[in-house]
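Here is a short note to read beside the model. Take the points in order, and keep the structure in view.

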Amino acid sequence: MRLITLLAALTLTLVTACSGIETRPAPTETFAAGNYKYYSWRSEPLPNDASSQDPMYIIDPILRSAVNAELGKKGYVLDKEQAQFTVDYIYASGLRMGERSAEAYNITPYPSVNPNRQVNQAVVDNAYALGGVRETSNIALQFNDSTNKKEVWHVIITKIVENVNNVDKKEIRSGVETGVREALSALPPAQ
């Protein structure tokens, strides 16, 4: 039984590591000290009356649903009247520089031929794959105390966008749900 649990944890770690999603949560001590149970959203959902395919309009309902589901699993209750903290987010695209081949630990800056050896195509492929600029999607979740309006916790979720010109709702949903699950795993359960 212990082996199965270890294998399941290892599989989850590998799947998470391969997801291309990075989360940077802030320390949770301030949030945990608030003994929160009830929350609300600070802003209203974005209206998409024109059926825009802009990622912002696609992400908004998916993000809200994912956050509500994960907070619900931890025992937090969405209740605008009794809210002790509010949830808000900022969505922004960004750019991340790739590894410069001369600085990467396992990549040579140029294809080379050594005596008695062939060109190492893997090294050449890695230099191309890890170099260059990558576009990212970034979501910052911010939790504020309802009484004093001060931030009590935040987390930043970053995902490298594979195909910038293709808006795939299933891929967006999967990425947002995975990112929110990883991000909110740091939060303590509701009191």
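1. **Overall layout.** The chain has five helices and six strands. Helices (H or I, at least four residues) and strands (E, at least two) are DSSP runs, numbered from the N terminus. Along the sequence, the pattern reads α-β-α-β-α-β-β-α-β-β-α.

2. **What you are looking at.** This is a predicted model: local features need pLDDT of at least 70, side-chain atom pairs count only at pLDDT 80 or more, and totals for chains, interfaces and linings use all residues. Residues are numbered from 1 along each chain as its sequence is written, and side-chain values use heavy atoms, leaving out hydrogens and water.

3. Of the 191 residues in the chain, 30% are buried. Buried means under 20% relative accessible area, exposed over 50%, partly exposed in between (1.4 Å probe, protein chains only). The chain exposes about 12400 Å². Carbon and sulfur atoms supply 54% of that area.

4. **The core.** Which residues touch the most other members of the largest nonpolar core? They are Leu 141 and Phe 143, in a core of 32 residues. Such a core is a set of buried Ala, Val, Leu, Ile, Met, Phe, Trp, Tyr and Cys residues joined through side-chain atoms within 4.5 Å. Elements giving two or more residues to this core include strand S2 (38-41), strand S5 (133-145) and helix H3 (55-73). H3 gives the most, with seven residues.

5. **Leu 141.** Contact means heavy atoms within 4.5 Å. Beyond its neighbours within four places in sequence, Leu 141 is in contact with several residues, among them Leu 63, Val 67, Trp 153 and Leu 184.

6. **Helix H3.** Its 19 residues should span 27 Å at 1.5 Å a residue, and the end C-alpha atoms are 27 Å apart, which agrees. The expected span is 1.5 Å times one less than the number of residues. Buried residues in H3 include Ile 59, Leu 63, Ala 66 and Glu 70. An α-helix has 3.6 residues a turn, so residues three or four places apart point the same way.

7. **The ends of H3.** At the start, a side-chain oxygen of Asp 54 reaches to within 2.9 Å of the backbone nitrogen of Met 56. After H3 comes Gly 75, with a positive phi near 95°.

8. **Ser 40.** Ser 40 and Asp 79 are 39 residues apart in sequence, yet 5.8 Å apart in space, C-alpha to C-alpha.

Conventions
Polar contact = N/O pair within 3.5 Å; in protein donor to acceptor, adjacent residues only side chain to side chain. Areas by Shrake-Rupley, 256 points an atom, 1.4 Å probe, with all protein chains shown as cover.
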